[in-house]
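The stops below are given in the order in which to select them.

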Amino acid sequence: MRSKYKKSLAIRTSGFDIPRPVKTFEDCGFSSQLMAAIKKQDYQKPTPIQCAALPIVLSGRDIIGIAKTGSGKTATFVLPMIVHIMDQPDLQKEEGPIGAICASTRELVHQIYLRVQKICEITWDTCLCCIWWNFKELKVGCEIVVATPGKLIDMLKMKALTMLRATYLVLDEADRMFDLGFEPQIRSIVGQIRPDQHTLLFSATMPRKVEKLAREILSDPIRVTVGEVG
Ligand code: ADP
Ligand code: MG
């Protein structure tokens with residue numbers, strides 16, 4: 001008999017018209033360039049959050065992704081972001097990033113930046129990722145920017161950056177951003193971005209305040225929760 005206390009990894013998905021989960025990265029229909037980047041990372045198969053969330057994000061739907069730290073949430077937003085960027089016509093001609101990734105602290109921003117950079121290496125000539133403190137690169141122009149909400153607002157105020165082209169917004173570790181009081185900045189960023197943006201919110205936990213914000217700023221999202229249940 002199965003022990004009452006045995007833990008299993010549960011994936012719960014809710015929302016309308018949920019795309020089917022994938023079993024392999026090949027199922028995602030990634031380009032050979034992206035498949036090479038995934039191979040280089042030595043990722044053999046998608047993690048549970050990636051299996052459920054990648055097809056949702058790739059289909060263009062907004063998502064709330066809840067899974068603990070270390071579950072592989074970064075690739076869930078970075079890989080589809082690169083697909084989205086590579087799909088844009090006249091990539092080099094317009095100004096401002098297409099993708100913006102916000103995280104709570106300088107350290108986290110730096111970690112995400114390094115991960116995005118690794119995946120982008122292979123698409124480097126067309127897809128450049130910048131971190132907010134690298135003003136030189138920001139000036140040259142980039143497709144992805146990674147920053148804390150506060151610094152993103154500062155850059156917009158200083159006109160170091162425009163969000164005219166941004167259509168893909170990631171709020172990573174949303175619970176921690178809330179703990180640090182970034183709610184007004186997040187709302188301001190959402191207010192300055194195009195209304196047709198694709199928004200992805202990831203969090204390790206889902207306190208009521210984050211839930212409320214998600215309901216207000218996401219459009220018809222699908223919610224994926226990966227967690228241990230007793
Ligand atoms: P989270 O954002 O959920 O905390 P990360 O995206 O930082 O998790 O990933 C945690 C670790 O797992 C990283 O070292 C990352 O390279 C690794 N990882 C992510 N996806 C996979 C995968 N499909 N296969 C193997 N390792 C992976
Ligand atoms: Mg993370």
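**Stop 1: helix α2**

Select α2, which is mostly covered, with 9 of its 11 residues buried. Buried means that 20 or more other C-beta atoms lie within 10 Å of a residue's own, exposed means 12 or fewer, and partly exposed is in between, with C-beta atoms placed from the backbone. Helices are DSSP runs of H or I of at least four residues, strands are runs of E of at least two, and both are numbered from the N terminus. This is a predicted model, in which local features need pLDDT of at least 70 and side-chain atom pairs count only at pLDDT 80 or more, while totals for chains, interfaces and linings use all residues. Residues are numbered from 1 along each chain as its sequence is written, and chains are lettered from A and ligands numbered from 1 in the order in which they are written.

Colour the buried residues of α2: Ile 49, Gln 50, Cys 51, Ala 52, Ala 53, Leu 54, Pro 55, Ile 56 and Val 57. Just after the helix, Gly 60 has a positive phi of about 90°.

**Stop 2: α2 against α3**

The axes of α2 (residues 48–58) and α3 cross at roughly 25° and come within 9 Å; axes are lines fitted to C-alpha atoms, for helices over the stretch in contact, and angles run from 0 to 180 degrees between N-to-C directions. That makes the two helices roughly parallel, a label for angles under 35 degrees, with over 145 roughly antiparallel, 65 to 115 roughly perpendicular and the rest oblique. The crossing of α2 over α3 is right-handed, that is, the near helix is turned clockwise from the far one by less than a right angle.

From α2, show Ile 49, Gln 50, Ala 53, Leu 54, Val 57 and Leu 58; they meet Lys 73, Ala 75, Thr 76, Phe 77, Leu 79, Pro 80 and Val 83 of α3. Contact here means C-beta atoms, placed from the backbone, within 7 Å. The residues of this contact are 10 nonpolar, 2 polar and 1 charged. Nonpolar covers Ala, Val, Leu, Ile, Met, Phe, Trp, Tyr, Cys and Pro, charged covers Asp, Glu, Lys and Arg, and the others, Gly among them, are polar.

**Stop 3: α3 against α4**

On α3 the contact uses Thr 74, Val 78, Leu 79 and Ile 82, and on α4 Ile 112, Arg 115, Val 116, Ile 119 and Cys 120. By class these are 7 nonpolar, 1 polar and 1 charged.

**Stop 4: the core**

Which residues have the most contacts inside the largest nonpolar core? Select Cys 102, Val 116, Val 146 and Val 224, in a core of 64 residues. Such a core is a set of buried Ala, Val, Leu, Ile, Met, Phe, Trp, Tyr and Cys residues joined through C-beta atoms within 7 Å. Centre on Val 224: leaving out residues up to four places away in sequence, its contacts include Ile 49, Ala 52, Ala 53 and Ile 56.

**Stop 5**

Cys 130 lies in strand β4 (residues 129–131). Is Cys 130 buried or exposed? With 24 other C-beta atoms within 10 Å, Cys 130 is buried. Now go to Pro 195, in the loop between α8 (183–192) and β7 (198–203). Pro 195 has 8 C-beta neighbours inside 10 Å and so counts as exposed. A distance label between the C-alpha atoms of Pro 195 and Cys 130 reads 23 Å.

Methods: Contact = placed C-beta atoms within 7 Å.
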